[in-house]
Amino acid sequence: MYDVLLRGGQVLDGTGAPAFRADVAITGDRIAAIGRLDGARAHTELDASGRYVAPGFVDAHVHGDAAVLDPEVQLAALRQGVTTFVLGQDGLSYAPATPAALAFATRYFAAINGTHPGLGEGPVSVADLLATYDRTTAVNTAYLVPHGTVRHSALGPTARAADAAELAAMTKAVEQGLDEGACGLSTGLEYVPGRYADTSELAALLAPVAARGLPHVSHMRGYEAAAGPAMREMLDVARAAGVATHVSHYHGPAEELIAMVDAARAEGLDLTYDAYPYLRGCSILAMVALPRALDDPDPDRVVAALAEPATRRLLAGEVDPALWPRITLAHVPAADFRWAEGRRLVDAAAEVGASPAEFCADLLIATGLVASAVFDQPPTNSDESVRALLRHPAHIGGSDGIYIGGSPHPRGWGAFARLLARHVVELGDWTWEQAAVHLASHPARRFGLTDRGLLRVGLVADIAVVDPTRVADLADYGDARRPAAGIDDVLVAGVPVLSSGALTGHTPGRPVGPS
């Protein structure tokens, strides 16, 4: 007698081997048998005939650090077959942090990560943070030590290089975070304070990461036209530290970007990347719209500067006018400006008789920089580039999902379903077998989750059941919070967490790390 039995599905085991019809039996949190189990019985049985039985997908880049505790977000993930979130992205999250660093990271990334409800004022260790995810959510959580938070803890809001003592303190914090279960280190080199780090600082902090065989995960110093120099920096760091490298939301001119990946892998570097299937991005408005002349690690100083006439002239003069029409406001938590959520910035500015630069400055002051935007990517990216990057064997699935705001990007609700519906069913960029590799086994390997990502006897039973005739992403830019269709049954650690498309209320999710 098994605990759970999935009968008659087409098994995608995650190795890339052809799908095969089999029953999958589960005892406790593990897969107990795979095969024709005609006489078997179980306490819970599920007819999977006509559907694929796949290993649960791993979202390699998602901003669910607080949102993962929200049942709406859990539903959004599970309806796409995602059973594990990799958190701590872009070098900014809640741990390890001093009280001041926690306050900074929470505020600076409030429009991205939100506010965690259970941490108080700090200090917070990685172990403290991971404990908040233990059996409190329906999905698993893996975590990256965030370089920017570590840097702020050691240096405060400064833009200078770290001295020897500060570098030693940062290294110790990284080592402790890894010892407490983190699966790598993330950097955000377009964000404060990560952008102040040079190659030598990064290489030093990545030494303990490399020693454990874990990856450096980076939002690089630039994308699109700047992706080439930014990637060269990543490869210099990889060589200096001897560390595996994973590039977040890799996008831009595919011919150039793929050539760099191929050359690095031919050299022997362990390089992967995630990429989402959209031609719009999303980030904090300050990073997108403010020129580097306003670069300051103290948000309050930036807000004060935005009120100065000289800064207004700088903003109007240095920002490329072509940028403003590409910006749609996603999260605007200020009473006088909330009406602008979902509006193009230029249209909102025109409605109040202001220039785009003036309106942007006023909005950032009113929100204390806590605002985000969806933005059209420039012509250096294209649908053809997206498809070419997805097909490459170095690609793994990541949504870059952000769940904050009145008009968020739909990728948090639809990226994985879109990968299946469009790039498997419609376009044939992947086979179903390849999809299970890109979305489950490769990301599990990348982050050291060796007991997940495959359907194999003895491994943890994180399983998604996919109807290939119904799978579809339903979220769009006008209605971003619509859950996907076609994945109605999901198990996490052998526990049904999604049944007939609805949450069951079970929360077996655990913090997971290298094993």
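In this predicted model, helix α9 (residues 254-267) and helix α15 (residues 383-391) have axes that come within 9 Å and cross at roughly 20°. That makes α9 roughly parallel to α15, a label that goes with angles under 35 degrees. As for handedness, α9 passes α15 in a right-handed crossing, meaning that the near helix is turned clockwise from the far one by less than a right angle. The axes here are lines fitted to C-alpha atoms, for helices over the stretch in contact, with angles from 0 to 180 degrees between N-to-C directions. Helices (H or I, at least four residues) and strands (E, at least two) are DSSP runs, numbered from the N terminus.

Next comes a sheet. Three strands, in the order β6-β8-β9, make up an open sheet with parallel pairing; two strands count as paired if DSSP finds at least two bridges between them. β6 (57-59) and β9 (140-143) sit at the edges with a single partner strand each, so one side of each has no neighbour in the sheet. On average, neighbouring strands of this sheet are turned by 25° against each other, direction ignored. Between β6 and β8 (residues 82-87), the parallel pairing runs over 3 bridges, and valine 58 stands opposite threonine 84 in β8.

The largest pocket holds about 830 Å³. A pocket is an open set of points on a 1 Å grid over the protein atoms alone, where a 1.4 Å probe fits, with protein on both sides within 12 Å along at least five of seven lines; lining residues have an atom within 4 Å of a point. Its volume is the space filled by probe spheres set on the points, which are joined across faces, edges and corners. Of the 37 residues lining the largest pocket, Glu190, Met287, Val288, Arg326 and Phe375 are the closest to its centre. Two or more lining residues come from each of β15 (280-284) and α10 (285-289). The lining has 19 nonpolar, 8 polar and 10 charged residues, where Ala, Val, Leu, Ile, Met, Phe, Trp, Tyr, Cys and Pro count as nonpolar, Asp, Glu, Lys and Arg as charged, and the others, Gly among them, as polar.

The second largest pocket has a volume of about 230 Å³. Pro96, Ala97, Val124, Ala173 and Gln176 are the closest to its centre among its 16 lining residues. The largest share of that lining, 5 residues, comes from α6.

Residues are numbered from 1 along each chain as its sequence is written, and side-chain values use heavy atoms, leaving out hydrogens and water. Local features need pLDDT of at least 70 and side-chain atom pairs count only at pLDDT 80 or more, while totals for chains, interfaces and linings use all residues.

Key
Angles under 35 degrees count as roughly parallel, over 145 as roughly antiparallel, 65 to 115 as roughly perpendicular and the rest as oblique.
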